[in-house]
Amino acid sequence: MLLQLFTKLYIIGVYVWQNVNCAHHSDALTHKSLRHQNWQRLEMMDNNGLYWLEWQVKEKDIHFKVTVNTRGFVGLGFSKRDARMSTADMVLLWVDDQTGKANALDCHGSIEYPHGAPIQDDTQNYHVIDGNQNETHTFIEFKRLLETCDPYDMPLTHDTIKVLWSFGNEDPIHGNLAGHGQNRGSKSMHLLNPIFRKQSMTAKQVTHQWDIVVNNVTLEPTMDTLYWCKIVSAPMLKHKHHIIGYEPLLTHVSKTDETIVHHMTLFECSTKSYPGSDSGSWDVWVRSTGTVCNSNSLTPRDWDSCSTPVAVWSIGSSGQFLPEHVGIPIGGSAGVKYYMLEIHYDNQKALRAIDHSGFRIHYTPEIRTNDGGIIISGVSISDTQIIPPGQKLYRNVGICGPSCSNVLFPEDGINIISGTLHTHRAGRKMSLRHIRGGKELPRIIEDENYDYKYQQFHQLANETIVLPGDYIITDCAYETMHRKRTTFGGYSTKQEMCLSFITYYPKIELAGCYSMTPVREFFEMFGVNQFYSLNMTDVENLFLYNGNLLDYMPNTVYSKSKTNHTDMTAEDIVVEGSLLNKLIISDPVEFHDRTFLSHLNQLPWSEPLFTKRVEYAMITGKHMTFCRVSNESMSIPSEIIRYPNFTTFVKPPSSCTYNLFIDSIQIKSSGSRSIAHFSLSLLLVLICLRKQYQMPFRSGIRG
């Protein structure tokens, strides 16, 4: 009976998937995207060139080739969250010294005996194609299915995975891996994505380098987070050139490979003038060492015009090289004259360091077919982005909608060639979603195993066309099981972000496309209507324009929320310094004289019903969207929209029986959002009253 039910569910699921996919396929036929086929990857796994791994995907198979400086065994493994052998899917490879035959042994680690020898799988799913060895090296080609349906084999997907490597001096003997020693390690990878490299550029192509670095930026142990900005002038190029790639130039701490740089961005500056500004100041700023970014007192207002990215690096990345048909324009009479380098330093270990990091830009006079660019999209950085404590998985979304795409996208759309997904420490899953005509198309990028320490660009094998009227949604999921306080959006790695950096062509006048929960709706969602000495318009201006609280509220009121920082952790200081800790509630009376932060801290985040309602309301409710344009003559006003209604994309069902009934729960759109917001606020007030006055909940009127 149970088997028949499962069979019926499976048949229904396949039928739904086929119909949904047919609809999506018909849309895809209208605008064909470029496909990068027959690509191959080659990676040096260690730091000394002793272990090389080459691979390519062929339909449902993945073909590997190892070239390793040993005549003994070679190990290759795959793991999701860590690099421990005990949790890995592995294959042991060797060439028999007596027979010359190449061998592959499908194995897995043992959680029960984490330091023991690998355990042989019951089913062998790795198959040798060819192999040999010489006096110094072992060469073996082999293959496996991307999804073997063996519970001991990890499915190989587009997610971030840890690729483990090892080698020893002897051929493997069961129960004995003597000689393993220090010849082992791991690398995070997007295994199924192609990568364009500097080495792939043709030898005849003329290329030049432009190094952009900061000079002697000093970080003291007390500096937990620092954003440093430096203005630089463009190379003197009479004619237009193309940037074809860039690499990070990182200063390492002491003798390790560790760096305190968390991410870097190089922005174009439009040099538009504000009232009272001097156009000649740019050359003065070029000669300076830079200053703290986003500081009302230190950063010149003109630097706000430096908003269009041309190079982006985040922790774990090796940079980006563009495919042969795309280049980012630089130089020429109409080219950008000044750029701004922004570096985020994350000094978690309280080090004293002097930094000289930056970018190496590669450019060529040989113009490529298409001018490309980079757009930043996602959640606008603000305290209105919240992630409650104690959550196994909690989502935020940022929307780029028709208010941008209808105005700025060309009729044939833009072609996305790559993207990097960016959160801070709590990020666990991310995706870049694509909505057209009430239907979600296949995810542009999806990483169900996101690792914030590995933020390499996802190079798309199939470029994605985004048309005017389409939505792009950056979808982030966070884990805060060990956090005791609410996490807010912000610039520190103790705070959070939800951003995607999208490389595309043809280049348009769009620098950024963001959204956030409207300020008024944000506070009303938590049952708060008014603050002392401030109307809601003032509060909105504080959040939207990075205002100074003292410009709006008397010192007497502000002083009520000041906190003694003695014996506080760095995380506590970040939280307590939040603008939300300086807003004192006046209405409703049940919450009056509380700061909004203390109000949030008293909410019942441990109650799943309440937390899920907050998550649902913030995702499917109103969003304020922003289009940041690079052309100073253009201005697109912000717009408040509803979360779009659409049919969620359904992935093809797994052909493996043990995966058939694993549900992926998605929050779907609803037409009753205003009711949801009202019921959430009502529930909040009731819960808070219950806690304050010890009132029980009853089904009828209390009399």
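Student: What is the average pLDDT of the protein chain in this predicted model?

Tutor: The chain averages a pLDDT of 85, and 81% of the residues score at least 70. On a confidence scale from 0 to 100, that average is 85.

Student: Where does pLDDT stay under 50, and what contacts does the model have there?

Tutor: One stretch is residues 1-30, with 20 contacts beyond four places in sequence. Another is residues 693-703, with seven such contacts. Where pLDDT is low, the predicted coordinates should not be read in detail.

Student: Why are S27 and S30 said to stand at the edges of their sheet?

Tutor: Four strands form an open, antiparallel sheet in the order S27-S32-S29-S30. Strand S27 (394-400) and strand S30 (439-447) each have a single partner strand, so one side of each is left without a neighbour in the sheet. From one strand to the next, the twist averages 20°.

Student: Which element gives the largest share of the lining of the largest cavity?

Tutor: That is S27, with three residues; helix H9 (608-620) also gives two or more. The cavity has a volume of about 120 Å³, and its lining includes Arg395, Asn396, Val397, Met618 and Ile619.

Student: How many residues of each class are in that lining?

Tutor: Five are nonpolar, five are polar and one is charged. Arg counts as charged, and Arg395 is in the lining.

Conventions:
Residues numbered from 1 in each chain as written. Predicted model: local features only at pLDDT ≥ 70, side-chain atom pairs only at ≥ 80, totals over all residues. Heavy atoms only, no water. Contact = heavy atoms within 4.5 Å. Pairing = 2+ DSSP bridges. Axes fitted to C-alpha atoms, helices over the stretch in contact; angles between N-to-C directions. 1 Å grid on protein atoms, 1.4 Å probe; cavity = no way out; pocket = protein on both sides within 12 Å on 5 of 7 lines; lining within 4 Å. Points joined across faces, edges and corners; volume = space filled by probe spheres on them.
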